[in-house]
Amino acid sequence: MPLDLFPTPECVHWGFFDGTLPPVAEIASGDVVTIHTVSGGTEDLPPDGGGMTVRPEHRRILAAVEPGPGPHIMTGPIAVHGAEPGDALRVEILEVSLRDDWGFNLIRPGAGALPDLVPKGGRIHLPIDRARGTVRMPWGLEIPARPFFGVIGTAPPPADGRLTSIVPGAFGGNIDNKELTAGAVLHLPVWTAGALLSVGDGHAAQGDGEVCLTAVETGLTGRFRIELVKGAGLAGPWAETADHVITMGFDPDLDEAARIALRAMIALISGRTGLSAEEAYRLCSVAADLRVTQLVNRHKGIHALLPRWALQGAS
């Protein structure tokens, strides 16, 4: 029977990645799994009587699960049978759907891309029309929903200990890349036995940068096909869509994040086409786009997008 994993106190972890965390389920390579998530701590819930529905399992999690160093409530981890360090997971995102009728957006003074712009900050709750696929802002604007998971990651090496869910890394995690919606494929390195995949941080909508600190944070349901790639030897995550291949870089310095993403794209091009590093570098300059993924996760993110057509025609 396909795995259908719901967020209960027994099936989530809050605010951290840890390679020693026991899995809540195990799957085989090629299995299709459905993962449901919740987003938000007690202070993030909408007020009672406001027409927004908080799921009972969300309240149970908040009452029973101890928060970690980060804000993300992640469903998992899921072990993949036979996964070992040096392998990779091919995570095909088959479907992402809105689960809740509300989301929230937060500005925290001292955080975000402009930490001093709004001295008081604050949290707003945003109605989500799941049938129409829209989010309504307080001033009446309706934003088209484009849901994706901000956090998809394997576990870091057990020797790294417990890591905050805020900072993305070579295991993926808090990537916050809005290209990772339905139809995308995310490739993640495996750093520990079983891979230990976790998913969370649902976003109904986000702009590149996620500049004020959060997107429209909400609960989502995702359906994934997860395949094990033996001996892949990936150094970090990369992704592909119908139109692009995508490499990523994370670093406290945005320029270094860009260099990491660019070096990864040059290596991908050379591996796919046989072009030299110099030729691949030139191709990046004329055909690839470097975009700011996010500015708010301590380690900033850059992703490089190269159209698939640019990989054609080379020997």
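Reply: The part to look at is an open sheet of 4 strands in the order β8-β9-β10-β11, with antiparallel pairing. Its edge strands are β8 (102-107) and β11 (142-144), and each of these pairs on one side only. From one strand to the next, the twist averages 30°.

A few ground rules come next. This is a predicted model, in which local features need pLDDT of at least 70 and side-chain atom pairs count only at pLDDT 80 or more, while totals for chains, interfaces and linings use all residues. Residues are numbered from 1 along each chain as its sequence is written, and side-chain values use heavy atoms, with hydrogens and water left out. Strands (E, at least two residues) and helices (H or I, at least four) are DSSP runs, numbered from the N terminus. Two strands pair if DSSP finds at least two bridges between them. Axes are lines fitted to C-alpha atoms, for helices over the stretch in contact, and angles run from 0 to 180 degrees between N-to-C directions.

Start at β8. This strand is mostly covered, with 5 of its 6 residues buried. Buried means under 20% relative accessible area, exposed means over 50%, and partly exposed lies in between (1.4 Å probe, protein chains only). β8 and β9 run antiparallel and are joined by 6 bridges. Asn-105 stands opposite Ile-124 in β9.

Move across to the next pair. β9 (residues 122-129) and β10 (residues 134-136) pair in the antiparallel sense over 2 bridges. Asp-129 has Thr-134 in β10 as its bridge partner.

Thr-218 sits in the loop between β16 (197-203) and β17 (220-229). Its relative accessibility is 2%, so Thr-218 counts as buried. The side chain of Thr-218 reaches the backbone oxygen of Trp-102 at 2.7 Å. That is a polar contact: a pair of N or O atoms within 3.5 Å; within protein, one must be able to donate a hydrogen and the other to accept it, and residues adjacent in sequence count only if both atoms are side-chain atoms. Not counting residues up to four places away in sequence, Thr-218 touches Ser-39, Asp-100, Trp-102, Gly-103, Ile-128, Gly-202, His-203 and Ala-204. Contact means heavy atoms within 4.5 Å.

Another threonine is worth a stop. Thr-293 lies in strand β20 (residues 289-294). It counts as buried because its relative accessibility is 1%. A polar atom of the Thr-293 side chain lies 3.5 Å from the backbone nitrogen of Ile-302. Leaving aside neighbours within four places in sequence, the contacts of Thr-293 include Asp-176, Asn-177, Asp-208, Glu-210 and His-303.

Next, the helices. The axes of α2 (residues 254-273) and α3 (residues 277-287) come within 9 Å and cross at roughly 115°. The crossing of α2 past α3 is right-handed. A crossing is left-handed if the near helix is turned anticlockwise from the far one by less than a right angle, and right-handed if clockwise. In α2, Leu-262, Met-265, Ile-266, Ile-269 and Ser-270 meet Ala-277, Ala-280, Tyr-281, Leu-283 and Cys-284 in α3. By class, this contact has 9 nonpolar, 1 polar and no charged residues. Ala, Val, Leu, Ile, Met, Phe, Trp, Tyr, Cys and Pro count as nonpolar, Asp, Glu, Lys and Arg as charged, and the others, Gly among them, as polar. Ser-285 also lies in α3. At 65% relative accessibility, Ser-285 counts as exposed. C-alpha to C-alpha, Ser-285 and Leu-262 are 9.9 Å apart in space, and 23 residues apart in sequence.

Last, check the backbone. A cis peptide bond joins Gly-76 and Pro-77, with omega about 5°. Pro-77 is in strand β6 (residues 73-80). Ala-195 is not a glycine, yet has a positive phi of about 75°. This alanine is in the loop between β15 (185-189) and β16. Ala-195 is buried, at 0% relative accessibility. Arg-298 also has a positive phi, near 65°. It lies in the loop between β20 and β21. Arg-298 is exposed, with a relative accessible area of 54%.
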